[in-house]
Amino acid sequence: MICDNISVNEKGHLTFAGIDTTELAKKYGTPLYLMDENKIRERVRVYKNAMERYFPKGSMPEFASKAFSCKQIYRIMAEEGIDIDVVSAGEIFTASSAGFPMDRAFFHGNSKTDEEIRFAMEKGVGTFVADNEEELKAINEIAGEMGKKQRVLLRVSPGIDPHTHKKISTGSTESKFGVAIETGQAKGFVKLAIELENVELQGYHCHIGSQIFESEPFATTLEIMLGFIVEMKKAFNFEPEILNIGGGFGVRYVEQEPVIDYDEKIKEVSYVLNKQCERFGIAIPKIHMEPGRSLVADAGMTLYTVTNVKEVKGYKNYVSIDGGMTDNPRYTLYESPYTVVLASRANDEKDFVATISGRCCESGDLIQEDVNITKPLKDEILAVLTTGAYNYSMASNYNRVPRPPVVMLKDGEDYLAVKRESLEDICSLDI
């Protein structure tokens, strides 16, 4: 299997985190999100320990909570002692409600409203990642009204193409995120931050994209960012305390993709950091990284019940399930690859080529196309692997379909983290 927390038991049933998935489907119903808490904690510790070893004291991973946001994940991150990044009032409220220490939260986003800025300050968010000059001025003004000085990082765009899908590439000069270094506008951004009296400039932030398997794009980003630091030191005598180089390391969705040694990749990035800081003659800043997908993706699995198998003779086969784009829109959006397994007979030969189709009234509601699976029977359980990131967090009620529950698996036990939505929940805001 593509991850070490997946196996097959003596009954031929797929297991996840050591638990029979067909039994979980029977207990909780389908569609069903499963999350392996032990795997999440293991991956957090890999990042945290590597960053402590290879980067200056005070360097820290921040969980990019847009990948998977619910109260329990914030409790886990608080217990593991890492920071979080949040991108909306909703994520801020969820983290705060879970008891996460909000001084360790970083507020991101390219279009923060004044109401969200004020709400974040009221909730005690420690650091804002300012995306543009207008936002920076708003942060300064609202902080002044509230009688506080707000810590900020400035998001700048290094102009990097990490050769990933264009919809998850975020660091190019023309990106909607941040202020471009190449155009010279980032210099003015820094000047403004230094001049404003109600903000405390702590450093810089950049992010180049997601699902990156090599360390080279991060190394190139570091060279550009450190060169920018030198330029800003000469211009304004300012050296950053923090340099946030974003997230983006990939995960293995299918067997053709490589296994990533995250410790080794972080070590490679640190080598470039030390070498370039020595070359430029500048102090090594604290490094922050924002893993999201790589902390939770392979800690997740989604279970479905097969509703029917349709064979269009001479054309293609469809396996229809009781979920789809409402609980996993990523294939519809990005044509994202996934591994699909018939959980009920996981050892049987995969000799049936089929498209996995969702329940929504959309031709594009597909999970995968033309994949080799064991031919299923009606009511058998189908598993889609590596669904811990951007599945629950992107789920919707399209066609008035309730969102699935989230069940956490830990030490051979299962517990409910998020309840299944009811039909009454869907109508709860209707007048």
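**Close-up views of a predicted model**

**View 1. The largest nonpolar core.** In this predicted model, the largest nonpolar core has 107 residues, and those with the most contacts inside it are Ile73, Met77, Leu136, Tyr204 and Val296. Helix H8, residues 216–236, gives the most to this core, with nine residues. In soluble globular proteins, nonpolar side chains tend to be buried together.

**View 2. Surroundings of Val296.** Neighbours within four places in sequence are left aside here. Val296 is then in contact with Met35, Ile40, Phe63, Ala67, Phe68, Ile73, Gly388 and Ala389. One of these, Ile73, is also listed with Val296 among the residues with the most contacts inside the largest core.

**View 3. Ala235 in helix H8.** Ala235 has its place in helix H8. Its relative accessible area is 36%, so Ala235 is partly exposed. Ala235 and Val190 are 45 residues apart along the chain, and their C-alpha atoms are separated by 9.8 Å.

**View 4. The salt bridge between Lys39 and Asp4.** The model holds 26 salt bridges. In one of them the side chains of Lys39 and Asp4 meet, at 2.7 Å from N to O. Lys39 lies in helix H2 (residues 37–54) and Asp4 in the segment before strand S1 (6–8), so this pair ties together parts that are 35 residues apart in sequence. Lys39 is buried, with a relative accessible area of 4%, whereas Asp4 counts as exposed at 65% relative accessibility.

**View 5. The salt bridge between Lys410 and Glu37.** The closest N and O atoms of Lys410 and Glu37 are 3.5 Å apart in this salt bridge. Because Lys410 belongs to strand S20 (residues 406–410) and Glu37 to helix H2, the pair ties together parts that are 373 residues apart in sequence. Lys410 counts as partly exposed, at 31% relative accessibility, while Glu37, at 2%, counts as buried.

**View 6. The salt bridge between Asp83 and Arg104.** The side chains of Asp83 and Arg104 meet at 3.5 Å, N to O. Asp83 lies in strand S6 (residues 83–86), and Arg104 is in the loop between helix H4 (89–97) and strand S7 (105–107), so parts 21 residues apart in sequence are tied together. At 8% relative accessibility Asp83 counts as buried, and at 23% Arg104 counts as partly exposed.

**View 7. A salt-bridge network.** Salt bridges that share partners join Glu37, Arg41, Arg45, Glu79, Glu80 and Lys410 into one network. The Lys410 and Glu37 salt bridge links two residues of this network.

Technical notes:
Residues are numbered from 1 along each chain as its sequence is written. This is a predicted model: local features need pLDDT of at least 70, side-chain atom pairs count only at pLDDT 80 or more; totals for chains, interfaces and linings use all residues. Side-chain values use heavy atoms; hydrogens and water are left out. A nonpolar core is a set of buried Ala, Val, Leu, Ile, Met, Phe, Trp, Tyr and Cys residues joined through side-chain atoms within 4.5 Å. Buried means under 20% relative accessible area, exposed over 50%, partly exposed in between (1.4 Å probe, protein chains only). Helices (H or I, at least four residues) and strands (E, at least two) are DSSP runs, numbered from the N terminus. Contact means heavy atoms within 4.5 Å. A salt bridge is a side-chain nitrogen of Lys or Arg within 4 Å of a carboxyl oxygen of Asp or Glu.
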